[in-house]
Amino acid sequence: MNEILLSVRDLKTHFPIKGDTPFRKKIIKAVDGVSFDLLNGETYGLVGESGCGKTTLGKAIIGLAPITSGEVVFNGQNFSTLPKNRLRETRFDMQMIFQDPYACLDPRMNVERIIGEIFRIRGMFSSTERKKRVYELMEIVGLSSKQAGRFPHEFSGGQRQRIGIARALALNPKLVICDEPVSALDMSVQAQILNLLVDLKKQFGLTYIFIAHGLPVVKYISDRIGVMYLGKLVEISLADKIYNSPRHPYTKTLISAVPVPDPDFQKKEIILEGDVPNPANLPSGCRFHTRCPYKRDLCVEMEPVMTEDSPGHFVACHFSGQL
């Protein structure tokens, strides 16, 4: 049985904003009490609408967004109690692949400098060895070492994302957080990058947190999936279970919106009414009740607790077994 590599407990990331008056402040609860475990060698998918907090969650785990409260325990070490020097070293074992392959690369640096910058910062290798390591990483992700002297604007979107992947692999991390790494790419290129990530996981024994909008993409690459809505996880299970037998009304809605490549197949789509609530003014009870077609009085009055609906399948819904 695989060991737990990452344990997130009641993690909250709140951002203060200006209120209606100079003396009144509001709070954006981007991540509000998220808990899950990530096993070593697992790919954990995070899916949900834009603004649900999945990217903020990924950034909070790696240290790019502040943690208001809660714990992040990585490889047995609690980030909230580690001294700064130990924390800095531990974070090198976690890397991130960013969503925008255009904005995440310094346009003033060529590829050799972009990938090899971390070696220079850490004082690793001689100049010749750094160059050799950069060339190896480029070949691993499907780029030619002859392109090392080129700048980001000379590459396509898919090639730039490969550069970002090579940079993330430079220090042989244990965990890679993939923040919507294919959303800005063409469909054919998306498939290439997904297959590359699958191959790299097998080759280097990586563990992924894979963040995306589309359930089919997340299902393809993930072992387990967590569904987020307004800063909270509402359902967690194996990828096939989430896709084939969703238990939460929000998950059912997401899956009903997935197009089927068969013009003769009649699929019932669940249409939600209303808009996503303002995260600075969250509804009472279940946060999904304002749009849920199955809501009852209890949903308005009490927030549901994440419970194990069936073995390994967790749902935060008062009436999941009756839908």
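Me: Which residues does Glu180 touch, not counting residues up to four places away in sequence?
Reply: The model is a predicted one, and in it Glu180 sits in the loop between strand 7 (175-179) and helix 6 (187-204). Leaving out residues up to four places away in sequence, the residues that Glu180 touches are Lys54, Thr55, Gln99, Ile211, Ala212 and His213.

Me: Is Glu180 buried or exposed, and what is its relative accessible area?
Reply: A residue counts as buried when its relative accessible area is under 20%. Glu180 falls under that cut-off and is therefore buried, with a relative accessible area of 5%.

Me: How many residues apart are Glu42 and Arg224, and where does each of them lie?
Reply: Glu42 and Arg224 form a salt bridge in which the closest N and O atoms are 2.5 Å apart, and both of these residues are buried. Glu42 lies in the loop between strand 2 (25-39) and strand 3 (43-47), whereas Arg224 belongs to strand 9 (residues 224-229), so that the pair links distant parts of the chain.

Me: Which residue forms a salt bridge with Asp106, and how does its relative accessibility class it?
Reply: The salt bridge of Asp106 is made with Arg108, the closest N and O atoms being 3.2 Å apart. Asp106 itself is partly exposed, with a relative accessible area of 23%. Arg108, at 67% relative accessibility, counts as exposed.

Me: What is the relative accessible area of Glu303, the residue that meets Lys232 in a salt bridge?
Reply: The side chains of Lys232 and Glu303 meet at 3.3 Å, taken from N to O. This pair links distant parts of the chain, with Lys232 in strand 10 (residues 232-238) and Glu303 in the loop between helix 10 (297-301) and strand 11 (307-310), 71 residues apart. Glu303 is partly exposed, and its relative accessible area is 38%.

Me: How many salt bridges are found in the whole structure?
Reply: Side chains of opposite charge can pair when their charged atoms come close. The chain carries 41 positive and 35 negative side chains, and the centres of the two sets lie 6 Å apart. A search of the whole structure gives a count of salt bridges that stands at 14.

Me: What is the radius of gyration of the chain?
Reply: The secondary structure of the chain consists of 10 helices and 12 strands. For 323 residues the globule rule gives 20 Å, and the value for the chain is close to this, so the chain is as compact as a globular protein of that length. The radius of gyration is 21 Å.

Key
Residues numbered from 1 in each chain as written. Predicted model: local features only at pLDDT ≥ 70, side-chain atom pairs only at ≥ 80, totals over all residues. Heavy atoms only, no water. Helix = DSSP H or I, 4+ residues; strand = E, 2+ residues; numbered from the N terminus. Rg over C-alpha atoms; globule rule 2.2 N^0.38 Å. Lys, Arg positive; Asp, Glu negative; His and termini not counted. Charge placed at Lys NZ, Arg CZ, Asp CG, Glu CD. Buried < 20%, exposed > 50% of the residue type's maximum accessible area, 1.4 Å probe, protein only. Contact = heavy atoms within 4.5 Å. Salt bridge = Lys/Arg side-chain N within 4 Å of Asp/Glu carboxyl O.
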